[in-house]
Amino acid sequence: MPQVPQTFDALAVRTWCGLSLEALGRAREEIDAINVYPVADGDTGTNLYLTLESATAAVEAVFAGHEVGAGYDVGGGREAGGGRPTLADAVRAMAHGALIGARGNSGTILAQLFRGMAQVLAADSETAHTDGPGLRLALRQAADSARQAVAHPVEGTVLTVASAAADAATGAEGDCGTVARAAYEGARAALAATPGQLAVLGRAGVVDAGGRGLVAVLAALVETFTGERPRAFAGEAEVHARVAGTSTDADADADPDAYVDIVGVGIGGVHPDVCADAVPEEGGPAFEVIYLLEAEDGAVARLRKRLDRLGNSLVVVGGDGLWNVHVHVDDAGAAVEAGVEAGRPYRIRITHFGLGDVHTGGPGRPPRERAQRAVVAVVPGEGLAGLYAEAGATTVLARPGEPPASGELVEAVRRAHAREVVLLPNDAELRHTAAAAAEQARAGGVRVALIPTRSAVQGIAALAVHEPERRFDEDVVAMTSAAGATRYAEVAVAERQSWTMAGICQAGDVLGLIDGDVAVIGSDIALTAEAVLDRMLSAGGEMVTLVLGDEAPETIANRLESRVREGYLAVDTVVYRGGRQGALLLIGVE
């Protein structure tokens, strides 16, 4: 048997994350299939996996930083002897990674569970919480903080399973392995009881999907400290999945293992169609809105009250100035506006559940049909996200300096819910990420065409000629041609001294980049923008697109429009507000 950690240290955190990711990877599809609450949209397993993937990546980054001697500013210090991060480093990274990568209702709650554990394990105190008693405290804090993050906790969900795990751990005496096993067994038993606590689960004959995912994560915790996978997760192929109410065993209703087997294989015997008639509530909200938010505690408290009035399934997790907000609403714009009033929202994701989703109609209504074709686009600002969404695209918001991962693009393709997808990365640096996402989506049966757009203005040009009624290949060719015929530029401020194609720039200089290369260095934003525009139009053009960032001067749009109107005949100009897009100004010339 390989050596296993005896205490909760950084290596244990790393091992736990890796094993959890593997466990959720094995169970993802089965968990998706039993997802009937709060919305039967079949994505809980995927959301939990993506959340854990982000947490794991953050922990790996901590270890990589220490291995090269660079350190990692998450908190804590280094262990004596060098080379390995402290427990505080690792658990804070795990919690932060889960927070910024949280997906969906269950993923957001999982992020708060990790944060609760980190509050105990990384606490500055004379007593190190690295043993069994420390793990008991961490599990208790995790369950309590997750419950507090949910506006209206419901029993029979992942919150119930987390609380049961903490309760069982409280009565366990011994090392981390003993405590972890007690928590796991308590969670399994609680999961088995969820169909009796939540009517929608009972009608569908399934256990709670979020709770099922948490049991997988706790099983990985047991394996971390014992080296052995718990029995319900060993030999998955041999375990018979039985759904409560469908078993022919006369003793099934009285036998807790009637559900334990389901826990072990992730409802391997349940077909996704079992969820079709399971309706939590008729006439649910039409949109899921998720965003990260930089805001003070007081503003977040007011935000909770406002969002609670707008919709349901409200979960706000995080702290120390960074939060993850999740809510189901009918007015997605109002939910985002509430975030803007509270602070700085970014990585905004809006998912339309669709008129045909099971949660928005009466019993017996079939799941939403796939669209024939959709466009998925990466956009750099909230304003452009709204513009693209109005044109029918599914968007992935990219924050400056934080490009989306391939998993985010794959999730967007899934949200688009179409047989054919046109993918617009809108950034030259994302071409490999987008290609990887396209390959993964194709493996899932979706026909994907990747158009190598290098700027959001090229994406606008492609979207303008998009016609879903055309043959797929013809549509892709037309969009590719429109994007390729659009020269792109941006005006930005230099952050540091650097060598460029136009000479040496200093920090604070205004840079004009054309087709990705610095072409103009100036000191005035408007003059630099005019110089860039003149260079682009010297080769001809019929349409100028201007996308203004939040920090662009108020007068620059009128000034550039006047210059085009007075200096270039038969050239039209269109202006959009891009929001927090990084660059002061994006320019496109078709």
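**Entry 1: T51**

I looked up T51 and found it buried, with a relative accessible area of 0%; buried means under 20%, exposed over 50% and partly exposed in between, with a 1.4 Å probe and protein chains only. I note that this is a predicted model, in which local features need pLDDT of at least 70, side-chain atom pairs count only at pLDDT 80 or more, and totals for chains, interfaces and linings use all residues. Residues are numbered from 1 along each chain as its sequence is written, and side-chain values use heavy atoms, with hydrogens and water left out.

I placed T51 in helix 2, residues 44–67. Helices (H or I, at least four residues) and strands (E, at least two) are DSSP runs numbered from the N terminus. Not counting residues up to four places away in sequence, T51 touches A98, G101, A102, R103, G107 and L110; contact means heavy atoms within 4.5 Å.

**Entry 2: nonpolar cores**

I looked up the largest nonpolar core, which has 86 residues. Such a core is a set of buried Ala, Val, Leu, Ile, Met, Phe, Trp, Tyr and Cys residues joined through side-chain atoms within 4.5 Å. F8, V13, W16, F114, M117 and L135 touch the most other members. With neighbours within four places in sequence left aside, I find M117 in contact with F8, W16, L135, A138, L139 and A142. Another core, of 45 residues, lies apart from the largest one and includes Y291, V329, L463 and A583.

**Entry 3: helices 6 and 7**

I checked helix 6 (residues 158–170) against helix 7 (residues 176–197): their axes come within 7 Å and cross at roughly 145°. Axes are lines fitted to C-alpha atoms, for helices over the stretch in contact, and angles run from 0 to 180 degrees between N-to-C directions. From helix 6, T160, V161, A164, A165, A168 and A169 meet a set in helix 7 that includes V179, A183, G186 and L191.

I traced an open sheet of six strands, in the order 13-12-9-16-14-15, with mixed pairing; two strands pair if DSSP finds at least two bridges between them. Strand 13 (517–522) and strand 15 (572–579) are at the edges with a single partner strand each, so one side of each has no neighbour in the sheet. On average, neighbouring strands are turned by 20° against each other, direction ignored.

Strand 9 (residues 487–493) pairs with strand 12 (residues 510–514) in the antiparallel sense over five bridges. I found A489 opposite I514 in strand 12.
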